[in-house]
Amino acid sequence: MKKHWWHKATIYQIYPKSFKDSNGDGIGDLKGITSKLDYLQKLGITAIWLSPVYQSPMDDNGYDISDYQAIADIFGDMSDMDELLAQANQRGIKIIMDLVVNHTSDEHAWFVEAREHPDSDARDYYIWRDQPNDLDSIFGGSAWQYDDKSGQYYLHFFSKKQPDLNWENAALRQKVYDMMNWWIDKGIDGFRMDVIDMIGKIPDQKIANNGPKLHDYLKEMHQATLAGKDLLTVGETWGATPEIAKKYSSPAEEELSMVFQFEHIGLQHKPNSPKWDYEKGLNVPALKDIFNKWQTELELGQGWNSLFWNNHDLPRVLSIWGDTGTYREKSAKALAIALHLMRGTPYIYQGEEIGMTNYPFKDLGELNDIESLNFAAESLENGRAISEIMDSIRMIGRDNARTPMQWDADANAGFSSSPQTWLPVNPNHTQINVEVALADPDSIFYTYQKLIKLRKENDWLVDADFELQETTDKVFAYKRVTADASYLVVINLSGEAQPFDLDIDYQETIITNTCEFEVFEKLQLQPWDAFCVKVG
Ligand code: NOJ
């Protein structure tokens with residue numbers, strides 16, 4: 001199997017509004033990101049996945065793009081983007097752009113044209129019907145919006161300001177490929193593809209994801225843009241199974257490098273329920289089953305996993321599955337060790353490497369996220385108590401991940417000099433911040449740094465088979481096995497001591513957050529103990 005740079009890479013996701021503000025307007029920007037590249041180089045990451053920085057009215061914080069080849073004023077301009085690319089590349093850091101081509105903003109020139117001139121070519125770049133059906137928007141309400149001017153409805157699976165593109169239209173597809181090539185020619189190293197499994201939708205049959213032509217489109221896109229170039233492409237595919245993931249990521253298929261699958265994230269809410277009905281506590285046996293399935297079914301050469309706990313749409317993992325109290329640091333390291341030693345490309349979401357947590361939102365006034373606000377409005381209308389709504393939002397709402405990055409203990413955590421930041425800064429920044437993490441050789445930061453280095457330097461992290469080990473419920477243990485070596489990874493995913501009953505022939509410690517010898521001696525794991533040892 002041909003190896004690519006991304007097999008040994010660790011990717012760091014930046015949410016631009018919240019990373020670092022350079023001009024004192026309370027919103028993060030490109031110059032701010034450039035000013036923190038030395039920090040990212042110290043962490044050791046291979047590439048940044050940059051959430052959207054394109055021109056946008058920011059209805060969905062940039063996932064509503066009005067010009068794919070311009071930068072939003074709040075983030076700077078194209079020369080700032082070029083400077084970020086150049087400065088990152090100088091430090092050996094690649095840039096992966098967010099590609100949002102399931103929909104545009106309603107302020108994109110194509111949609112403006114389509115709306116104003118129903119007989120223009122652009123009309124068919126979007127999806128119009130005389131009558132709506134009962135498809136729902138993911139952000140609440142109907143997926144159809146009436147347009148007075150033409151007397152038709154257009155489809156929007158997200159907000160009204162995010163009309164869905166019609167991928168059936170070949171001219172539209174070509175425009176998307178041209179735009180991708182324009183960015184590739186600039187020197188970027190890949191794309192994270194937003195809700196890419198929706199581009200093959202067939203609204204009249206109520207098919208949103210995994211439509212019949214999806215893979216034809218991706219093959220066409222690959223030939224038109226990616227072929228012959230060593231880029232990383234990762235598709236956001238909420239409904240992927242291992243079978244489906246192979247279609248995207250098997251090298252023979254010539255589509256994408258990998259996909260984000262969300263089966264483990266599904267454990268954050270009750271089965272077959274909306275995400276807001278969150279599940280208290282982690283179902284470790286279910287998590288083990290899911291990881292085992294994905295690790296063994298996506299065999300090397302047949303597909304490739306991406307590994308993540310967090311992103312800008314998810315709660316901070318420590319707040320939902322880790323420990324934000326006594327074991328904050330230890331549980332953060334344990335979760336990192338559990339994830340980064342599996343097969344796949346790991347993704348770190350900004351602030352994860354210092355153990356950032358959810359925000360204690362008091363009321364709706366502190367929120368920005370359109371999804372959370374729509375959920376609250378709908379729930380209030382249905383008579384749900386505000387205390388219950390806020391409880392869900394505090395646990396699951398997307399703004400938890402989006403509060404400003406915590407750089408130091410100063411006012412606004414060193415994120416911005418403005419007294420008013422676009423989302424509030426977490427009050428715990430006085431204890432949880434980059435400055436404190438860098439000063440402590442035992443901090444979460446250095447566990448991440450070590451995991452990234454291990455991946456760069458060791459072929460076994462790519463090649464070795466994955467073998468789940470039989471353990472008690474709360475313990476996740478697996479071996480990575482090659483022809484000449486085995487590595488055992490053991491994690492106590494709980495705040496209680498657990499029996500350790502694996503028979504091991506210890507050779508060498510690879511990484512640990514505990515004293516593993518004490519574990520071997522006492523045959524007991526302490527809360528959130530985690531280690532990887534080479535075994536005979
Ligand atoms: C998925 C993105 O991650 C999310 O933030 C966004 O709201 C939707 N796609 C719509 O683009």
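Which loop does Asn-272 lie in? Select Asn-272 and look at the loop between β11 and α8 (284-297). The tour returns to this residue at the end.

**Before selecting**

The model is predicted, so local features need pLDDT of at least 70 and side-chain atom pairs count only at pLDDT 80 or more, while totals for chains, interfaces and linings use all residues. Residues are numbered from 1 along each chain as its sequence is written, and side-chain values use heavy atoms, with hydrogens and water left out. Helices (H or I, at least four residues) and strands (E, at least two) are DSSP runs, numbered from the N terminus.

**Stop 1: the sheet of 8 strands**

Select the strands in the order β11-β10-β9-β5-β2-β1-β13-β12; they form an open sheet with parallel pairing. Two strands pair if DSSP finds at least two bridges between them. At the edges are β11 (258-260) and β12 (306-307), each with a single partner strand, so one side of each has no neighbour in the sheet.

Next, select β2, residues 47-50. Strand β1 (residues 11-14) runs parallel to β2 and is joined to it by 4 bridges; the bridge partner of Ile-11 in β2 is Ala-47. Another 4 bridges join β2 to β5, again running parallel, and here Trp-49 stands opposite Ile-96 in β5.

Buried means under 20% relative accessible area, exposed over 50%, and partly exposed in between (1.4 Å probe, protein chains only).

Move on to β5 (residues 94-99) and β9 (residues 190-193), which pair in the parallel sense over 3 bridges. Leu-99 has Met-193 in β9 as its bridge partner. Helix α5 packs on the sheet here, touching β5 and β9, and its direction makes about 135 degrees with that of β9.

**Stop 2**

Axes are lines fitted to C-alpha atoms, for helices over the stretch in contact, and angles run from 0 to 180 degrees between N-to-C directions.

Which residues of α3 meet α5? They are Met-78, Met-81, Asp-82 and Leu-85, and they meet Trp-182, Trp-183 and Lys-186 in α5. Contact means heavy atoms within 4.5 Å. By class, the contact of α3 with α5 has 5 nonpolar, no polar and 2 charged residues (Ala, Val, Leu, Ile, Met, Phe, Trp, Tyr, Cys and Pro count as nonpolar, Asp, Glu, Lys and Arg as charged, and the others, Gly among them, as polar).

**Stop 3: the sheet of 3 strands**

Select β6, β8 and β7: an open sheet in the order β6-β8-β7, with antiparallel pairing. The edge strands, β6 (128-129) and β7 (144-147), each pair on one side only. Between β6 and β8 there are 2 bridges, and Trp-128 has Tyr-154 as its bridge partner in β8.

β7 and β8 (residues 152-155) pair over 4 bridges, with Asp-147 partnered by Gln-152 in β8. Their hairpin has 4 residues between the strands, and Gly-151 takes a positive phi near 70 degrees there.

**Stop 4: α10**

Helix α10 (residues 328-340) has 13 residues. Color it by accessibility: 12 of its 13 residues are buried, among them Arg-328, Lys-330, Lys-333 and His-340.

**Stop 5: two loop residues**

Most residues other than glycine have a negative phi, and most peptide bonds are trans. Select Val-195, in the loop between β9 and α6 (214-226); its phi is positive, near 30 degrees. Val-195 is buried, with a relative accessible area of 6%.

Finally, go back to Asn-272, which has a positive phi of about 50 degrees although it is not a glycine. Is Asn-272 buried or exposed? At 84% relative accessibility, Asn-272 counts as exposed.

Technical notes
The expected span of a helix is 1.5 Å times one less than its number of residues.
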